[in-house]
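Keep the structure open beside you as you read.

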Amino acid sequence: MFRSVLFLAFASAFATSAHANLIQNGSFSNSNVAYGSALYANGFTQTVVSAPGWTFSNGSGIIDHAWDSMASQGTVAFLQNYSPLHWADPILSQAFSSSASSFQVSFQLSQRGGNYESVNVKLDGKALAPTLQPVGSEWTSYTFNIAGLTGGTHTLSFNGINLSNASDSTLFIDNVSVLATTVPEPASAALLLTGLGLAGLIRRRRAK
């Protein structure tokens, strides 16, 4: 019985508690993009892309069941550098509100076949990791924890970078989520340490 209570105290004190996704439309399924087509922020396809929650610029946009291997994934966002038309610095971003100071950020990345696009991912201008470059057209999942932020409004951004200087380079993004996380309160941590101390005392007494 004591072991069970101690385990519950440990779990409640140290388990990171995650909440609902703070990112709206993280799968990009809600947009003005028709099935089998793609729309750009720069109006290349005449109609400018729009999707609730998201802001697009330059060569960023959304595709729906199009563009090589993306047919199986459905609706996803893209970042494209295209030198023949002088497209550069594609950016995808979303602002959200939360009083939390710690977050867990998750997303998936994939390359267009034969491309070598990279991306910088930032939360409130703070890089989550060094520049990322997924390998091949297989989807790769990424999860990062970031802490020490302040303020009620935050911005998550994806900035495409063509490090290989290819004439046409495209990267895909899907399933974006940001979860507010919490750490143990000082009182909970102190209670846990007390419980661990009692457990050690009981074990020593039983040993006698």
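Asn 162 sits in the loop between S10 and S11, where strands (E, at least two residues) and helices (H or I, at least four residues) are DSSP runs numbered from the N terminus. This is a predicted model, so local features need pLDDT of at least 70 and side-chain atom pairs count only at pLDDT 80 or more, while totals for chains, interfaces and linings use all residues. Residues are numbered from 1 along each chain as its sequence is written, and side-chain values use heavy atoms, with hydrogens and water left out.

Is Asn 162 buried or exposed? At 16% relative accessibility it counts as buried; the cut-offs are under 20% relative accessible area for buried, over 50% for exposed and partly exposed in between (1.4 Å probe, protein chains only). Leaving aside residues up to four places away in sequence, Asn 162 touches Asn 81, Glu 117 and Ser 169, a contact being heavy atoms within 4.5 Å.

Here are two links made by its side chain:

| Side chain | Partner | Distance |
|---|---|---|
| Asn 162 | Ser 164, side chain (polar contact) | 3.2 Å |

Now for charges. The count comes to one salt bridge, meaning a side-chain nitrogen of Lys or Arg within 4 Å of a carboxyl oxygen of Asp or Glu. Arg 112 and Asp 168 form it, with their closest N and O atoms 3.4 Å apart. Arg 112 lies in the loop between strand S6 (103–111) and strand S7 (118–123) and Asp 168 in strand S11 (residues 168–180), so the pair ties together parts 56 residues apart in sequence. Arg 112 is buried at 18% relative accessible area, whereas Asp 168 is partly exposed at 25%.

On to the sheet. Five strands make an open, antiparallel sheet in the order S2-S5-S10-S7-S8; strands pair if DSSP finds at least two bridges between them. At the edges, strand S2 (55–57) and strand S8 (126–127) each pair on one side only. S5 (residues 91–97) and S10 (residues 153–161) run antiparallel over seven bridges, with Leu 92 opposite Phe 158 in S10.

Zooming out, the protein has two helices and 11 strands, and 41% of its 208 residues count as buried. Among contacts with a separation of 6 or more, 74% join residues 24 or more positions apart.

Key: A polar contact is a pair of N or O atoms within 3.5 Å; within protein, one must be able to donate a hydrogen and the other to accept it, and residues adjacent in sequence count only if both atoms are side-chain atoms.
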